[in-house]
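Please consult the sequence and the structure alongside the text.

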Amino acid sequence: MNDTELKTLLGLKIKHYRNQIGLTQEELGEKIERTQRQVSLIELGSSFPNPETITNMIKVFNCSMKDLFDFEPIENVENLKLEISTLIERLPEDKLKTLYLIAKNL
């Protein structure tokens with residue numbers, strides 16, 4: 001796994017946890033002492049959180065470091081959704097349209 005993949009997977013996992021507990025990016029930012037923009041960049045995989053931010057997120061999400069960084073294997077539907085989201089984020093526009101048509105007709 002390269003740095004870009006790690007940032008993307010971690011960002012998606014953070015977004016998943018944030019949504020699971022019903023927080024906006026702004027609310028999470030307040031709890032971890034970061035701005036909404038910083039949370040957004042982390043979730044998009046454009047920025048990697050520093051150790052202090054990771055520690056604060058673990059507290060807010062009530063999860064372990066292992067939970068936050070465990071991207072494999074796909075053992076349940078939530079992990080499957082996370083993996084599919086990661087794949088979709090990387091698709092070029094033409095392939096995304098093709099995937100949409102396939103999914104729509106399932």
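## Basis of the description

The model is predicted, and local features are reported at pLDDT of at least 70, side-chain atom pairs at pLDDT 80 or more, whereas totals for chains, interfaces and linings use all residues. Residue numbers start from 1 along each chain as its sequence is written, and side-chain values use heavy atoms, with hydrogens and water left out.

## Overall architecture

The protein chain contains seven helices and zero strands; helices (H or I, at least four residues) and strands (E, at least two) are DSSP runs, numbered from the N terminus. The C-alpha trace spans about 45 × 30 × 30 Å along its principal axes.

Of the 106 residues in the protein chain, 29% are buried. Here buried means under 20% relative accessible area, exposed means over 50%, and partly exposed lies in between (1.4 Å probe, protein chains only). The chain exposes about 7,200 Å², of which carbon and sulfur atoms supply 53%; accessible areas come from the Shrake-Rupley method with a 1.4 Å probe, and for residues only the protein chains shown count as cover. Among contacts (heavy atoms within 4.5 Å) between residues at least 6 apart in sequence, 59% join residues at least 24 apart.

## Helix α3 and its cover

Helix α3 spans residues 36–43, and its buried residues are V39, S40, I42 and E43. Viewed down the axis of α3, these buried residues fall within an arc of 160°, so they line one face of the helix. The arc is that of the directions from the helix axis to the C-beta atoms. Their cover includes α1 (3–20), α2 (25–32) and α4 (51–61). After α3 comes G45, which has a positive phi, near 80°.

Q25 belongs to helix α2 and counts as buried, at 18% relative accessibility. Leaving aside residues up to four places away in sequence, Q25 touches R18, Q36, V39, S40 and E43.

## Salt bridges

The whole structure holds four salt bridges, each defined as a side-chain nitrogen of Lys or Arg within 4 Å of a carboxyl oxygen of Asp or Glu. One of them joins the side chains of E52 and R34 at 3.9 Å, N to O. E52 lies in helix α4 and R34 in the loop between α2 and α3, so this pair ties together parts that are 18 residues apart in sequence. E52 is partly exposed, with a relative accessible area of 46%.

K66 pairs with D70, with 3.5 Å between the closest N and O atoms. K66 is exposed at 59% relative accessible area, and D70 is partly exposed at 33%. In the salt bridge between K97 and E93, the closest N and O atoms are 3.1 Å apart. These two residues are four apart in helix α7, a separation of about one helical turn. E93 is exposed, with a relative accessible area of 56%.

## A nonpolar surface patch

L80, I84, I88, L96 and L99 form a nonpolar patch on the surface, with about 360 Å² of accessible area together. Patches are made of residues with over 30% relative accessible area and no salt bridge; like charges are joined within 9 Å, and nonpolar side chains (Val, Leu, Ile, Met, Phe, Trp, Tyr) within 5 Å. At least two residues of the patch come from each of α6 (77–90) and α7 (93–104), with α6 giving the largest share, three residues. L99 lies in helix α7 and is partly exposed, at 34% relative accessible area.
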